[in-house]
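The entries below keep to what I looked up.

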Amino acid sequence: MKNTLLKLATLVLAGLVLQVRADNAQNPIIQADVPDMAMIRVGDTYYMSSTTMHMSPGLPIMKSKDLVNWQLIGYAYDTLGDNVALTLQNGKNAYGSGSWASCLRYHDGVFYVTTFSSTTGKTHVYRTKDIEKGPWTENSFRPSLHDHSLIFDDDGRVYMVNGGGNIRLTELTADVTGIKPDGFNQVIITNASAVAGPNVGLNAEGSQMFKINGKYYLFNITWPRGGMRTVIIHRADKITGPYEGRVALMDKGVAQGGLIDTPQGDWYAYLFQDHGAVGRIPYLVPVKWADGWPVLGENGKVPDTLNLPASTGVSPGIVASDEFDRHSGDAALPLVWQWNHNPDNKLWSLTQRPGFLRLTTGRVDADFLSARNTLTQRTFGPESSGTIALDVSKLKDGDFAGLGLLQKNYGLVGVKSDGGTNFIVMVSADNHSPVEVERVPLTQSNVFLKAECDFKNRADKAKFFYSLDGKSWIAIGSQLKMSYTLPHFMGYRFGLFNFATKTPGGYADFDYFHVSAKIQ
């Protein structure tokens, strides 16, 4: 009897523990590609910017009330610039480039978000008085200040902390339109990685600076050889230094970010982890203060559970299904969608056939990566699938339309028109070069295509399917081994595509895109 009661008590206690955990946030807080976060709190509302590089619109802005559940509310720009790399012309591209790590600030009633770009060679400054509705105005200047952090100091001076290895402080004009002539522009920390030891693989970068209780705190990332991504912090009483530094966190490779506080006075570090093919995913790490230093983690470790509300999932906050039905007053495209590079707006439509996204070819392209007007949104973990319904009755000979998983080592399933016959085709580029793995003749105008992603335990594998009725699914081709590559520097994305290989002018009509957190 005692053993039975003990077992019952154990089960009840386990259930209570599971309930507590289920009601609390879990790390990672988002299992999708949301890297290089910058975060602020205004009142009881948090705002976050992130990196999407070569995507348009770009520099996403997200909103949260609890630091865990985030919703896209806009982008700082429609297009970063207009050159051959950003428009996928003349064999050029901006994969892995575009705009990189941003900085988000609120000062004197104005929101600022800044970024830098090797593709434009500039530092870009965007500002608005209404971060949720805009509009954003932009100015830019040269040079491109790497991994900068914007600082409005109490004396009215404005700076950007920037650089790698040797960290520089560059003074800007008071209106943040350029570098101040004869302003302060010096290295303030030499060899910032030194606090993590002499065996450095990645010099200190990813600067984010904060002024808290009269002291300046600078967060950076470094990567000792044979170690992992590591958070280092320097502090000083004056912005110009001198600075003292220390290692702040070395666990699970969770690093790069900064500090955020809650209205209740709790502190967290927002950081991210390289997590394979799904991309770079956000973590929150509790922070306590000791002797004027932020102390990250629980006994130096990143906890699995947080004392914050549980996540309700990434959909519909940063990913979502789309029926392509639009009503008066609706945005043409929901914020979850981004184009791969700058789109050609003459060649896509939601009005030419109401209820459908029409992608029309305007030139001849060699492959998926060089195609213009591929419409994308994030994949996510631990597993996710994307499904489309497609009308291919107006493809021209050589056209190829369908659903891809976008990265350098991509995979896709689509319909290719070849010599008057349509074929369902699966292509894999997991060995760096695209190979047609399988083709099946298609004798009807409508087809359903699906891509499934398994990111559990970094399995990073995907499978592709087709259906003739939207109910019974048939696997096609081979399993794609997904891999995160530096040339693209981005987690895999679902991509709706149509490109011509012979003659432009054909089009494909997409009836819907459905996203799910489950796979077969």
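I looked up Asp-261 and found it partly exposed at 22% relative accessibility, where buried means under 20% relative accessible area, exposed over 50%, and partly exposed in between (1.4 Å probe, protein chains only). This is a predicted model, in which local features need pLDDT of at least 70 and side-chain atom pairs count only at pLDDT 80 or more, while totals for chains, interfaces and linings use all residues. Residues are numbered from 1 along each chain as its sequence is written, and side-chain values use heavy atoms, with hydrogens and water left out.

Entry two, the partner. Asp-261 forms a salt bridge with Arg-41, with 3.2 Å between the closest N and O atoms; the term stands for a side-chain nitrogen of Lys or Arg within 4 Å of a carboxyl oxygen of Asp or Glu. Because Asp-261 lies in strand E19 (residues 255-261) and Arg-41 in strand E2 (residues 38-42), the pair ties together parts that are 220 residues apart in sequence. Strands (E, at least two residues) and helices (H or I, at least four) are DSSP runs, numbered from the N terminus. I noted Arg-41 as partly exposed, with a relative accessible area of 28%.

I searched the whole structure and noted 25 salt bridges. One of them joins Lys-211 and Asp-154 at 2.8 Å, N to O; Lys-211 lies in strand E15 (residues 200-212) and Asp-154 in the loop between strand E11 (149-152) and strand E12 (158-162), so this pair links parts 57 residues apart in sequence. Lys-211 is partly exposed at 34%, whereas Asp-154 is exposed at 64%. I also looked up Lys-456 and Asp-454, whose side chains meet at 3.0 Å, N to O; Lys-456 is partly exposed at 35% and Asp-454 is buried at 11%. Arg-353, Arg-358, Asp-391 and Asp-509 are linked in a network of salt bridges.

Entry four, strand E17. How many of the 7 residues of strand E17 (residues 230-236) are buried? I found that 7 of the 7 are, so the strand is largely enclosed by the rest of the structure. On one side are Thr-230, Ile-232, His-234 and Ala-236, and on the other Val-231, Ile-233 and Arg-235.

Entry five, pairing. Strands E16 (residues 215-224) and E17 run antiparallel and are joined by 7 bridges, where pairing requires that DSSP finds at least two bridges between two strands. E17 also pairs with strand E18 (residues 244-249) in the antiparallel sense, over 5 bridges. I noted that Ile-233 stands opposite Phe-219 and opposite Arg-246 in E18.
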